[in-house]
Amino acid sequence: MLDLPPIVDRRSFMKLMSASIALAGGACTRAPLEPIVPYARQPEGMVQGEPLFFATALTRGGYAHGVLVESNMGRPTKIEGNPAHPASLGSTGPLEQGRILELWDPDRSRVIQHLGQIDSWENLASLIRSRGQRWQADGGEGLRILAGGVSSPTLLAQWRLLLEKYPRARIHHYEPVNRDNVYAGARASFGRPLEPVYHFDRARVIVSLEADFLGGLPGHVRYARDFSRGRRPEARSMNRLYVVECMPSITGAAADHRLARRSSEIHSLALRLAAATTGPVSADALPWVRSAAADLQQHHGASLVLAGDEQPPEVHALAHHLNEVLGNRGATVDFIALPVTTAQSNRDSLAQLVEDMRHGRVDTLLILGGNPLYDSPVDAGFAEALRSASVSIHFGLHHNETSRHCTWHVPAAHELETWSDATAYDGTVTIQQPLIAPLYGGRPVHEMLAALTGDFDSTAHSLVRNYWMGVFGNQQPEERWANCLRSGVVSESTARYENTQAAKAVVGDAGATAAVGTVPDPKEIELAFRPDPTLWDGRYANVAWLQELPKPMTQLTWDNAAFMSDALAQQLQVTNEDVVELEVGNRTLRAPVWVVPHHAEHALTLYLGSGRTAAGPVGTGHGVNAFALRTQNAPWFAGGVKVRKLNERYRLATVQSHHRLEGRPIIRAGTLADYLHDPQFARQESDRRAASLYPDVPRAEYAWGMSIDLASCIGCGACTIACQAENNIPTVGKSEVIAGRELHWIRVDRYEDAAAGAQRTLFQPVPCMQCEHAPCELVCPVEASVHDAEGINVQVYNRCVGTRFCSNNCPYKVRRFNFLSYSKEDAQSAALHNPEVTVRMRGVMEKCNYCLQRVVRGRISADRDDRALRDGEVVTACQAVCPTQAIVFGDLNDPHSEVRAAKGSSRTYTLLGELNTRPRTTYLARVVNPATGRDPSEDGGER
Amino acid sequence: MSWYGITAEFGHAEALLDAVRATRGQGYRRVEAYTPFSVEGLPEALDLPPDRVALVTLLGGIAGGAGAFFLQWYSAVIDYPINSGGRPLNSWPAFIPAVFELAVLGAALAGFFGMLALNGLPRLRHPIFNTPDFHLASRNRFFLCVRSDDPLFDLEKTEAWLRTLSPVTLARTPVGAKP
Amino acid sequence: MKVGAIGAVIVVIAAILAWRRSVAPRPAVGAPVDQPVPFSHKHHAGDDGIDCRYCHTSVETSAFAGIPPLSTCMTCHSQLFTDAPLLAPLRASFAGQQTLAWQRVHDLPDFVYFDHSIHIAKGVGCSTCHGAVDTMPLTSRVASLHMQWCLDCHREPERYLRPKSQVFNMKWQAPPDQRVLGKKLRAIYHIHPSSVLTSCSTCHR
Amino acid sequence: MNSTVASEGPSQATVKGSYTYGSITDKIADIVLERRTTPGFAIALAIAGAFTVLFIVAIAYLFATGVGIWGVNEPVAWAFALTNFVWWVGIGHAGTFISAILLLLRQKWRTSINRFAEAMTIFAVAMAGLMPILHLGRPWFFYWLIPYPDVMNVWPQWRSPLVWDIFAISTYIIVSILFWYMGLLPDVATLRDRAHKRWQQVVYGLLALGWRGDARHWQRFDTTYLLLAGLATPLVISVHSVVSLDFSIGNVPGWHSTIFPPYFVAGALFSGFAMALTLGIPLRALFKLHDFITDRHLANMAKLLLACGLIVDYSYAVETYTAFYSADRYETYAIMNRMTGPYAWVYATVMFCNVVTPQLIWFKRIRAMPVVLFAIAAIVNVGMWLERFMIIVVSLHRDFLPANWGFFTPTFWDLATLAGSLGTFALLFLLFVRFLPAISMSEMRKLNEETRGVDR
């Protein structure tokens, strides 16, 4: 990326020369006039200069997330959640925000390739035709399709068509981050695979057996919303969350009682929990189990036990059983038929395919998306087997590791470039509509599949539309079609809850603990695999935003690492950035060490998705490839890991190096008990509004302010990347992050410190505080940092000369400086710049301005029809995206505004109030809800 | 040939001082002295009027300071009032440093250039430079010149008088450059 | 001596001129700009009396006044002057054979965000900034568009406001009691106080 | 013809040996007019020139690429450039102090050293003045800090200490140049009259503005010189006070302190006298000026050095004390971090250089040893640079929110800029002693007159 030359090298020398030439000629030569190219025929419904929003959906592993995509003069620029969509309710996670950059990624493949040579669709088509005749004869013997999770009704229809035509063809599924365990667990309990749908808003007690339902599970954005709804101290009662997990997740950080255990120990722990819940509570030695069991017993029908995708089926079955016993089925958890079509076992499905290829039963393999060569289990032998397929067609966005070993590669159209449809975690279907014609000649998946069945003419639009016309039948199909596109959901498509029979009782009595729960050797080191919070399984590796978005629990960017507890690090005598060699079975991998507080002892965690070798200029060569150690039988955790310290170091790019509060009242936190006892518990001496020498500046019609609720914030980082997308914030690259020059306008600080009676992970989103007595403005010599009449501390980029005094004088250090020409260097995001926001040049300061462009747009539209702005009419990017609605923004002059109400709360406090900077951004103290009468710090206690 | 005056050269300051006093005692008024450094008592001996440099300097200082304050007040309060850090528009305490600095600057500039102006400098050509040996005036010699426009000036008489002061040399200083 | 002095002076003057030129408005005020098709506002707006909004459709609803799609031109020119050589580029690009690129006359720096709709809505007439376009055979700018020029109005809008009914009237002349009228209009149209109008964030983001 | 040797003992003399107006004039003027360039001088010039080139390259690369070539970051947005700035301004203080304040105090011994001290001031302030411009993100807009009527109708933000800086520094350098040039006038006239080469006569002739030593001129000259001295005295105090406000106005723990103005002024003189010694001692050796820059000069400057040093030490103590006395958790932490944090080595070095080393000057024998004085002065120079680094960087790298804490490591270009500025300063100084009288001839003549009485 932006590695600086130690001294003048050729590149910088050229820069230097050109610069001096520019200086020389600058005065005389002038840029030409700006051209304006008019439309020949203007698209209907478009107003020049005004953005349009289109409802569609984005999928991961098949699960759809409804979104609204902003389009400026035909250019998709920003993704917002779709309030009408159950998985979104107007919010998105961090990953969805990155998808817009994926769309514009200049490294996407642009041409059809055959054996590494550029080739044409015609040639491929003729090949398919010739094969087609053979398949006619042998019923598609030797035709195989490998896909991930698929939830597109149209595509499924096409599959049925294909299988009717070629009955002997086979379709295989493989998702590296799959839900095999969930389906197996459901089979064990209900005799058939079912998809659990949780209702966290109805659950008062939640026990998560390593289920990252705030950051990972399908529907996690919706779940986060429901979960946080149940945690408003002002309601004088909060739900309580118990989490046991190996690698700390944001779900664990949100827990009231968190327990760190190796993944392999969780089964036995679950059994103990079951025993304690069904039997005598006091029996168990572990406070965490005692307390959780007691709570569960007291909350029949209002509690919820759920197991994570990483946990074996038995644990899922156990969870179903407990919910059954506690009468939660139908109350806090329901089951629906699988919304996503996938294999009962991705592992077996892939293995079967490999088997067939080995024995030469496969002559044509079509890989729909995905990257099995990179992310299939290392012992599956996919790579070797692939060679035996005479024709292998990779169909995907990127010319990646897999396509390099396929005979053909066909560029796919991005989800935002094509017509399709997709199903959400709860069965709700969305019809996806294209925002723009394929940028790089990509092909819609529907057309690819149609081609296989000999249909080379139908377009994705016709295929999707025809399917739905068929579904709608004759009740105003046109209207319904239009409505679906407008609202972003197909009405009445949400799945009906299956009325299952009671979950089979699995051994739940205390005696069984010994039977199944064979606790592994406590000294044995275990290796856990987890999807990367920003790169997932590696499919987003080339999205610079997601590479540079700090991972919530580690604050690392651009790399993964071997995460371990401090205790293990000391035992291994390693520190951060030491390189160790991990040995699992006979396979080894070198990885840098990164110590993560609250990580289970005697365990290591690797995030999947790094160490790509053919991801593109952005994604290649960052981090280590965890798949190199991931086997079919140990997809989520493997025991018996040997760790060897090598005497080499690897520099990691973290955005935060210090995690102690140093006794400073930066984050205020208390328990619900504290709050009920004294709602003012967060107040401190220093909070009293100190007197000022200066008279208050009179307020204009609006006075903008913001309130951030630390009780709701789960630290997912969606705000950071949403802000990046909205405000044209360039990425700076690993070396610059190391140098301490990341540009995020709103960052999520993470502290590991004692709060509310326990060592806790504390998150604090920090945008600009918009101080009324702004220290930054006082010291700016050129009036580049000044206040506007509505109280926003604005940064006038075109006036800034870059003294950086404002940054020094900002106690919150929210100001960001363009030390180099980051916007120029960041080729990726140039195409999707927000036309409403200035692109900052080198040498100017920048920072959060409450999404000024949105404020102004709102004010102008209100003034235009001569009315006052309504509360909620102006929404900042971070506020809009926040899954838990922790961020509230609005007009402080409006007595009925939401933000006024929030600031009225007794939990309100000012960050560094003693400096009397009078911020317009304030915080609501964090409140947790540990079981009363106990000190939660025992949680980590002996077993 | 017209003369600027008659110039006597002396070896040291006291000699010059004595000569100046004596010459003025003779009633000569247009008497000039040239020395390699500022000689104590010479201005008094020549009965020079008080210089007005101090006054000029004072005025320069006042102008600088007042100008500075007006500039700041006008630009911050009248021309483009902007809320900067919630401070009052007329933050006069914050204006003081610039006022002080510009006052000093104004005074210094006025003083220096005032001095030059009052001295009629720069003036690269001057008849006195036509005096033989005058280049020593910047080294170790002291010169006394009775200008020809002095009412009592008379080429012979004055020359005679000056000779009585036993100068190192005595010369007539022509107005035009040496041939 | 003298030669050197004169030389120095010349250099200084040259430098100043070069600098002036580099900051001078572009295109120069009053200088007609050549266009691929010599479109005449005089002919269309003046003689034919076509309303501004017929072409600049989004001027009342969007920041951008809007450049008419070629289809707008063709509504007439598919009948009139159908084979006028002057209009060849128009027909060609409408047929998709080439692109027609107008030269921007009123070009603000990228860090300035001007919104037509709000100015129209608050009684600022087209001709106040664009001058008597209806008399311009080739359009030229009548104002420097320098920041101080914008501020001139934002500090005291009443000097330029006119009744909304007159916004698109190219012939509008300010009445002798403009200030009185302006103050009245400013009150009626609820125009923000100048402290808001001259806030940096009003035009810069 | 020869006069008696000065009444005081040789170590006390401000001029050693026996001189007449003529011989003093000749000895000093000949350095400029007659003396052939010695190899030593040539080598020095070459080295200084090389570093000047490095300076230019560093600046060109900086302008082409941006301040990102330095180690600056968030939170340490200021580092070397500002450290250099404060350091150079400080050095630029001794000159004016010597020539102005000692003049007002009628300290005759200043005469033979004020000229080069003033030159030192000007060149140091020139270096200092460059730094804030270099450190700007968009240096080509530096003139926006200066009020002028523009098409934007915007003005400087008068509450910013950086604007005060602009006025303070520019006033200071202008006044220093006036003061220096005025002192030069009679001497340049001397050079004009003694020069044989045509170009020398022309150049010095122009510079002399036709000075002819008229008694009237001398009268106004003396008044103005005194006035300028009177103006320069409060100015020199104000300049570093304003510089100190760049920090104490800010609320960074470790900056926000009322002791700063006097603390900085003392530090400035401290480093200034150190630099005066660092330059003066080699200078007199190089040009055999032992008769004019006598051991007494060195001893006196050493005493001043010690005096300022003690004030600085006191400031250190007060700064630390008030931090704890304030009971402010951030201030206290800043000081503790300074002493025990990752940059503790800086603090230790500063203490050694600025507190321990100068104490040697208490000893008369040390004061009599130019080499040792030179060493002490050099150490103090290093110490004062590090002190500024400590104040700026070490305070910035850990401020209020621990999440923002960072670290600063200099890059090649940071060091190049520092070394380059030193080289450029040296080059200017060498050219000065080569082409202008390093000692005021007219004042020496006057001094001679006063110390010897009659000269025959």
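This is a predicted model: local features need pLDDT of at least 70, side-chain atom pairs count only at pLDDT 80 or more; totals for chains, interfaces and linings use all residues.

**Chain shapes.** I started with the radius of gyration of chain A, taken over C-alpha atoms, the globule rule being 2.2 Å times the number of residues to the power 0.38. For 943 residues a compact globule would come out near 30 Å, and chain A has 28 Å, so the two agree. Its C-alpha atoms fill a box of roughly 90 × 80 × 70 Å along the principal axes.

Residues are numbered from 1 along each chain as its sequence is written, chains are lettered from A and ligands numbered from 1 in the order in which they are written, and side-chain values use heavy atoms, with hydrogens and water left out.

Chain D got the same check: 456 residues would give a compact globule near 23 Å, and chain D has 23 Å, which agrees. Its box is roughly 80 × 60 × 40 Å along the principal axes.

Chain A has 28 helices and 40 strands; chain D has 15 helices and zero strands.

**Chain A against chain D.** How many residues does the contact take from each chain? I get 64 from chain A and 56 from chain D, contact being heavy atoms within 4.5 Å. The buried area (accessible area, 1.4 Å probe, that two parts lose on being put together, summed over both) is about 5,000 Å², with 57% from carbon and sulfur atoms. A:Arg664, A:Arg799 and A:Arg842 supply 15% of what chain A buries against chain D, more than any other three residues.

I then counted salt bridges, meaning a side-chain nitrogen of Lys or Arg within 4 Å of a carboxyl oxygen of Asp or Glu. There are two between chain A and chain D. One of them joins A:Lys813 and D:Asp399, at 2.9 Å from N to O. Helix 1 (10-26) and strand 31 (747-755) of chain A are among the elements that give two or more residues to the side touching chain D.

**Chain B against chain A.** Here seven residues of chain B touch eleven of chain A. About 900 Å² is buried between them, 58% of it on carbon and sulfur atoms. I found zero salt bridges between these two chains.

**A sheet in chain A.** I looked up an open sheet of four strands, order 37-30-39-38, with mixed pairing; two strands pair if DSSP finds at least two bridges between them. Why do strand 37 (887-891) and strand 38 (908-909) of chain A each have a side without a neighbour in the sheet? They stand at the edges, each with a single partner strand, so one side of each is left open that way. Strand 30 (residues 704-709) pairs with strand 37 in the antiparallel sense over five bridges. A:Gly705 stands opposite A:Gly890 in strand 37.

The whole structure gives me 75 salt bridges over all chains. I checked B:Arg147 with B:Glu32, whose closest N and O atoms are 2.9 Å apart. The pair links distant parts of the chain, strand 3 (residues 142-147) and strand 2 (residues 31-34) of chain B, with the two residues 115 residues apart.
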